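Here is a short tour of one structure, with a strand and a few charged pairs as the stops. Have the viewer open and follow along.

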Amino acid sequence: MSDKAYLDKNGFLYKKKFFSNEEVEKLLNINNKLHNSNNSKFGPLHNSKNAWDIIVNDRIISLIKDLLGSEKIAYLYHGHSVHQSKETHFDNAWHRDNACRTFGKGPDWEKDYNVLRVAIYLDNGSSGLNLIKKSHRKKKYICRILNVLRTKFKFIYYNKLFKFFFDNIFGKKIHTNSGDCILFFANTLHSAINNKKDGNIVRRAFFLTYGTDNAHSQNHM
């Protein structure tokens, strides 16, 4: 199955070692510069000249063009970077990154929706994503379950045992290493993986957003 077909079917694509060790070192240097004031999140990325080499990276742009089937793609100004330590609070709740969050309601649920998120990870085994396959087009019942629990039964929703079973039964956990890249449609249900490791830094990554010049991208903006 081609990368494009896999992405269209499942809502996400995992590219191991998309960036070389040498490239990762350069990305880490940029990440450190962006977070020199100890802030755990920096964005939007286009506000810093240091980040533009990532935004216009030839390999990322080429891959996005292939996946979206278009030569005319646009960077959407919602990119950010993270530099989080053990003391940083992780938001690992299930969510989507698109504009129309309620499943089936709004233009984000049309079949040609193609706003794509790009996650670039810079550390070994300390982070990653948990995604629900095909939730960009199906799995409406899962969305309803989460919405009901989140609004009416918070004691269940925030229960660690429930979260453990839900995350492992419905989720596809991807534990990333440095240079790995995960691409996913913005309307795919996902959550951050909160891993612990020795040392202070446990999550350093970049998150970019791209789309074609259409109503979906404009709606996202």
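Which residue in S9 is the bridge partner of Leu129? The partner is Ala192.

## Ground rules

This is a predicted model, in which local features need pLDDT of at least 70 and side-chain atom pairs count only at pLDDT 80 or more, while totals for chains, interfaces and linings use all residues. Residues are numbered from 1 along each chain as its sequence is written, and side-chain values use heavy atoms, with hydrogens and water left out.

Let's begin with S6, which spans residues 127-131. Strands (E, at least two residues) and helices (H or I, at least four) are DSSP runs, numbered from the N terminus. Two strands count as paired if DSSP finds at least two bridges between them. S6 pairs with S7 (residues 172-176) in the antiparallel sense, over 5 bridges, and Thr176 of S7 is the bridge partner of Ser127. S6 also runs antiparallel to S9 (residues 190-192), with 3 bridges joining the two.

How much of S6 is buried? Here, buried means under 20% relative accessible area, exposed means over 50%, and partly exposed is in between (1.4 Å probe, protein chains only). Since 5 of the 5 residues of S6 are buried, the strand is largely enclosed by the rest of the structure. Both faces are covered: Ser127, Leu129 and Leu131 are buried on one side, and Gly128 and Asn130 on the other.

## Salt bridges

A salt bridge here is a side-chain nitrogen of Lys or Arg within 4 Å of a carboxyl oxygen of Asp or Glu. By this rule the count comes to 7. One of them joins the side chains of Asp3 and Lys15, at 2.7 Å from N to O. Asp3 belongs to helix H1 (residues 3-10) and Lys15 to strand S1 (residues 12-15), so this pair links distant parts of the chain, 12 residues apart. Asp3 is partly exposed at 30% relative accessible area, and Lys15 is partly exposed at 23%.

Another salt bridge connects Glu23 and Arg59, whose closest N and O atoms are 3.3 Å apart. Glu23 is partly exposed at 26% relative accessibility, and Arg59 is partly exposed at 36%.

## A buried pair

Arg117 and Asp97 also meet in a salt bridge, at 3.0 Å from N to O. Arg117 lies in strand S5 (residues 116-121) and Asp97 in the loop between strand S4 (80-85) and S5, so the pair ties together parts that are 20 residues apart in sequence. Both Arg117 and Asp97 are buried.
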